Amino acid sequence: MIVVLNKDSLLVGKEQDVVPFLSRVKEYATKISMGLVNQTKLVTACSELARNMLKYAGGGSTLIEIISKGRENGIRVTFTDKGPGIEDIQKAMEDGFSTGKSLGLGLPGAKRLASEFDIKSTVGEGTTVMIIKWKNG
């Protein structure tokens with residue numbers, strides 16, 4: 001069972017919101033003494049997902065949580081937008097697939113950097129992406 005120890009929500013509505021958001025993610029990772037390599041993986045994944053949210057949905061909200069599961073602590077970050085949604089999630093998770101003239105590495109790259117990854121999307125309603133990075137995972 002996952003227990004939430006601390007949480008904070010931030011809006012990411014413009015490019016200038018990304019750096020303060022990433023600073024907060026790093027601050028939370030530091031609070032649980034996450035190692036530098038895992039911090040870097042977490043912040044990189046969050047950067048990609050926040051920028052995806054801006055590019056494809058015009059922004060959205062984020063929820064950053066310090067979580068605990070047994071003796072393991074981690075950071076869970078949830079990205080929620082009210083954008084157009086993703087028509088084919090399986091296709092969107094393939095390396096090289098993009099609807100936005102990018103390299104198509106954002107979603108699959110973020111998944112590889114995270115310990116756990118979940119995505120839900122409904123066309124016309126929006127998308128929610130949740131990642132967890134465990135302190136030692």
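In this predicted model, 8 bridges join β3 to β5, and the two strands run antiparallel. They belong to an open sheet of 5 strands with antiparallel pairing, in the order β1-β2-β3-β5-β4. Helix α1 (residues 18-31) lies across part of that sheet, over β1, β2 and β3, and α1 also packs with α2.

**Sheet**

- The edge strands are β1 (2-12) and β4 (116-122), each of which pairs on one side only.
- From one strand to the next, the twist averages 15°.
- Strand β2 (residues 60-69) pairs with strand β3 (residues 72-81) in the antiparallel sense, over 9 bridges.
- On the β5 side, I75 stands opposite K133 in β5.
- In a regular strand, side chains alternate between the two faces of the sheet.

- Strand β5 (residues 126-134) is largely enclosed by the rest of the structure, because 8 of its 9 residues are buried.
- The pairing of β4 and β5 is antiparallel and extends over 7 bridges.
- T122 has G126 in β5 as its bridge partner.
- The hairpin of β4 and β5 has 3 residues between the strands, and G124 takes a positive phi near 85° there.

- Relative to β1, helix α1 runs at about 165°.
- Two packed helices are described by the angle between their axes and the distance between the axes.
- For α1 and α2, the angle is about 150° and the axes are 10 Å apart.
- Because angles over 145 degrees count as roughly antiparallel, α1 is roughly antiparallel to α2.
- The crossing of α1 and α2 is right-handed.
- On the α1 side, the residues that meet α2 are V18, F21, L22, V25, K26, A29 and T30.
- On the α2 side, the residues that meet α1 are L36, Q39, L42, V43, C46, S47, A50, R51 and L54.
- By class, the contact of α1 with α2 has 11 nonpolar, 3 polar and 2 charged residues.

**Helix α2 with α4**

- Helix α2 (residues 36-57) and helix α4 (residues 106-113) have axes that come within 9 Å and cross at roughly 155°.
- That angle makes α2 roughly antiparallel to α4.
- The crossing in which α2 passes α4 is left-handed, whereas that of α1 and α2 is right-handed.
- K41, T44, A45, E48, L49 and N52 are the α2 residues that meet α4.
- Their counterparts in α4 are G106, L107, A110 and L113.
- The contact of α2 with α4 consists, by class, of 5 nonpolar, 3 polar and 2 charged residues.

- I86 is placed in the loop between β3 and α3 (89-92).
- With 22% relative accessibility, I86 counts as partly exposed.
- I86 and V123 are 37 residues apart along the chain, and their C-alpha atoms are separated by 5.9 Å.
- Leaving aside neighbours within four places in sequence, I86 is in contact with A92, L107, I119, S121, V123 and T127.
- One of these contacts, L107, is also among the α4 residues that meet α2.

Definitions and conventions. Residues numbered from 1 in each chain as written. Predicted model: local features only at pLDDT ≥ 70, side-chain atom pairs only at ≥ 80, totals over all residues. Heavy atoms only, no water. Axes fitted to C-alpha atoms, helices over the stretch in contact; angles between N-to-C directions. Helix = DSSP H or I, 4+ residues; strand = E, 2+ residues; numbered from the N terminus. Parallel < 35°, antiparallel > 145°, perpendicular 65-115°, else oblique. Left-handed = near helix turned anticlockwise from the far one by under 90°. Contact = heavy atoms within 4.5 Å. Nonpolar A, V, L, I, M, F, W, Y, C, P; charged D, E, K, R; others polar. Pairing = 2+ DSSP bridges. Buried < 20%, exposed > 50% of the residue type's maximum accessible area, 1.4 Å probe, protein only.
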